[in-house]
Amino acid sequence: MQRLNNETPGKTIVSLDPLICPCSTMFRIDEPHLAWCLDALTRGEIVNQITVDADAAVGARLALDRMLAIA
C-alpha cells in the first residue's frame, strides 16, 4: 500500500481491512496454495471464500469487471 501511495500522488490509498496488514497473507499466493484451493474445489469444498454485503458487492463486481476487461 505504501508503494501505491508513493506512485499515485493526489490519491489516498486505504486498506479494506484496518485490522490486518494485507502483506501478512500475500506470501500465500503461490503454486502450492493455488493447487490446494483447486483440489478442494474438485472435491466440492469452497475454501477462502470471500463474502461482502450487498452494497459492497455492487462496487466489487464493477471493479472486477473492469479489471477483467483490461485483459
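Predicted model: local features only at pLDDT ≥ 70, side-chain atom pairs only at ≥ 80, totals over all residues.

Colleague: Let's begin with charge pairs. How many salt bridges does the structure hold?

Modeller: Side chains of opposite charge can pair when their charged atoms come close. Another is glutamate 45 with arginine 43, at 3.1 Å from N to O. The number of salt bridges in the structure is two.

Colleague: About how many helical turns separate glutamate 7 and arginine 3?

Modeller: Both belong to helix α1, which covers residues 2-7. Arginine 3 is exposed, because its relative accessibility is 54% and the cut-off for exposed is over 50%. Glutamate 7 and arginine 3 are four residues apart in the helix, so the separation is about one helical turn.

Colleague: And glutamate 45, from the other pair: what does it count as in terms of exposure?

Modeller: Buried would need under 20% relative accessible area, and exposed would need over 50%. Glutamate 45 has 38% relative accessibility, so it counts as partly exposed.

Colleague: Which residues form the nonpolar patch on the surface?

Modeller: Take isoleucine 46 to begin with: it sits in the loop between α3 (31-42) and α4 (54-70). Its relative accessible area is 58%, so isoleucine 46 is exposed. Together the patch residues have about 390 Å² of accessible area, and they are Leu34, Leu38, Leu41 and Ile46.

Colleague: What is phi near for asparagine 48?

Modeller: Asparagine 48 is also in the loop between α3 and α4, and it counts as exposed because its relative accessibility is 60%. Most residues other than glycine have a negative phi. Asparagine 48 is not a glycine, yet its phi is positive, near 55°.

Colleague: How far apart in space are asparagine 48 and cysteine 37?

Modeller: In sequence, asparagine 48 and cysteine 37 are eleven residues apart. From C-alpha to C-alpha, the distance in space is 8.1 Å.

Colleague: Now α4. How far apart are its end C-alpha atoms?

Modeller: α4 has 17 residues, so at 1.5 Å a residue it should span 24 Å. The value from the model agrees with that: the end C-alpha atoms are 25 Å apart.

Colleague: What is the count of buried residues in α4?

Modeller: A residue is buried when its relative accessible area is under 20%. α4 is hardly covered, and among its 17 residues the buried count is zero.

Colleague: Last one: which residue's side-chain oxygen reaches the backbone nitrogen of aspartate 55?

Modeller: This contact is at the start of α4. The oxygen comes to within 3.1 Å of that nitrogen, and it belongs to aspartate 53.

Methods: Residues numbered from 1 in each chain as written. Heavy atoms only, no water. Patch = residues over 30% accessible without salt bridge, like charges linked within 9 Å, V, L, I, M, F, W, Y side chains within 5 Å. Areas by Shrake-Rupley, 256 points an atom, 1.4 Å probe, with all protein chains shown as cover. Salt bridge = Lys/Arg side-chain N within 4 Å of Asp/Glu carboxyl O. Helix = DSSP H or I, 4+ residues; strand = E, 2+ residues; numbered from the N terminus. Buried < 20%, exposed > 50% of the residue type's maximum accessible area, 1.4 Å probe, protein only. Expected span 1.5 Å × (residues − 1). Polar contact = N/O pair within 3.5 Å; in protein donor to acceptor, adjacent residues only side chain to side chain.
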